[in-house]
Amino acid sequence: MGHDVRQRLTQFLVLHGPFIRLGLRLALLSGSVVAFLVVAARIVISGDKGVPWNPFARDSRTVKDWSQMSYDCKRGWVDDPVTFSQDPNYPRIRDWVNDHIYFNIFDGTTVYDNQDSTKGTVSRGPHKEEVSMFSRVQERAVRFLDGKYPDRYSAGDCAFIRYRTLPTTGIEVDVTCRDSRTGDIDRVSMLAPLESPRVLYHHLVAGSRPINIIMPLKGRPDNLQIFMQNLENILSKDNRLSVGLTVVYFKDDDQQECQRILQKAEKSFPNLKTEFILQEGPFSRGRGLQVGVEKTTLRAEIVFFCDVDVLFTKEFLTRCQSTPVEGYQVFFPMVFSMYNPEFIYPLHKHRIPPPLHQLEVNDNNGYWRVWGHGMVCIYKSDFFKIGGFDMAKSGWGGEDLDLVRKTVRVGKYKIIRSLEPGLFHRYHSKECDDARQFFPCIKTKALNEASKLSFGLWYFKQKHNVSVYGFLAEGNKPHDHDDYDPARNDTAPLAVREIMNEFGVLVEMLLLLVLLSIVLVDMFFMYNNYKLERKNT
């Protein structure tokens, strides 16, 4: 009996086996087609919403319409109906070990942000726009809590505010309210979502538009030589750039040497024009810049106020050309100020490289001079409308802040203030003899020497006669977090993660297409084989 069953089963498989295998392949093909259509549908749907599909994004169906709550730059949080999420982790973002987007803190009087944009401190007073935002946030939290506990909280009970900006989501805010009578605590989380990007303005600038560098100078021919080498390197790589250099020189014994350096450079580069204006009297940076703008004969609508100890890249010149808008915008870039190379390089067991090879933005090389406004890119016409510099000021310092204040008082100009990784201030020693500017001079002198890490290593080297940095360099590399693990996947370079996130959907579609192709080819051969077997039987 069993033998007959096995024989009939064998005959059935021999006769219908190809058809069964064909059916299985057809089922696999159908599954692949369905998966492909699902991925394509996700992309189409998310494209309609104006945002890329994110396979890690939270399902928005669990959250009511967040678009009802919006943030207006003038009014703050608009008082729309309160929306609510049951998810305490909303909004969910992918936090990596080394690049958390941390919260800033406002305790009712002081903002703690540690963003290296607080004039060298870790705390500061809130900006006017922040004060308005905090007030709106507190009102919003109190209004929400009043629905649960009428008249329990006031804005003063909700003074502690955490906030951060998520680049792909919006402004996330936590407000902590404490009942002074019972000691109970209520924490309210809010989100002001980002809108889809909108084009606000288009500004076209010809790459050949000339730019005139205005530089006040007295002596320092060696620094001028380095400055010209930097400028020549830029011009030699791009002959479309048209640059003028107007030097307002306060007479001294080095004037002929400095003039010769300019003339030599101008003969070597046809796209460089120079001008040498002699000025009597003691050095005054403000007066030198004012005279340079007024008396220059070089043709350029945009001027760049610069010092001889400042070096820059071609990319910065491009931004200096394109950022100012005549009648509307002025560019005050924040320069990266270099530490004393004779201190930091030997301390870290490195030879001192040439000045043009020191231009690297990192913690040990320098710091952002966030309080300095001396570097300016501006249209000449706007400079005169704003009022220019105070000709009575002598020496250096103060003239830049006066120009900023005048720009603000005019009222119609937007100040573009940004960190500029293509603008470097070379280290040089300072003499603080002017009593009126003694404190800012001493402050700058102290900050210019080295980083806190370098000073600490120097202290250990002097105190214990040991190079801590050398020990670290030969052993484990320093890291930002104690739980750092190089074997973990989330320590992959940021650029790699961005590429994976950006092209993840395309890779998934490509794999599905490859699978479909393999299945189709296999089915083709399988069907031909099935016909041959049926014909033979």
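The side chains of R260 and E257 meet in a salt bridge at 2.8 Å, N to O, a salt bridge being a side-chain nitrogen of Lys or Arg within 4 Å of a carboxyl oxygen of Asp or Glu. Both R260 and E257 lie in helix 4, three residues apart, about one turn of the helix; helices (H or I, at least four residues) and strands (E, at least two) are DSSP runs, numbered from the N terminus.

This is a predicted model, in which local features need pLDDT of at least 70 and side-chain atom pairs count only at pLDDT 80 or more, while totals for chains, interfaces and linings use all residues. Residues are numbered from 1 along each chain as its sequence is written, and side-chain values use heavy atoms, with hydrogens and water left out.

A search of the whole structure finds 17 salt bridges, and the table gives some of them.

| Pair | N to O distance |
|---|---|
| R260 and E257 | 2.8 Å |
| R240 and D238 | 3.1 Å |
| R220 and D309 | 3.3 Å |

D309 counts as buried at 4% relative accessibility, whereas R220 is partly exposed at 32%; buried means under 20% relative accessible area, exposed over 50%, and partly exposed in between (1.4 Å probe, protein chains only).

The axes of helix 3 (residues 221-237) and helix 4 (residues 255-268) come within 9 Å and cross at roughly 10°, where axes are lines fitted to C-alpha atoms, for helices over the stretch in contact, and angles run from 0 to 180 degrees between N-to-C directions. Helix 3 is therefore roughly parallel to helix 4, a term for angles under 35 degrees.

Terms used
Parallel < 35°, antiparallel > 145°, perpendicular 65-115°, else oblique.
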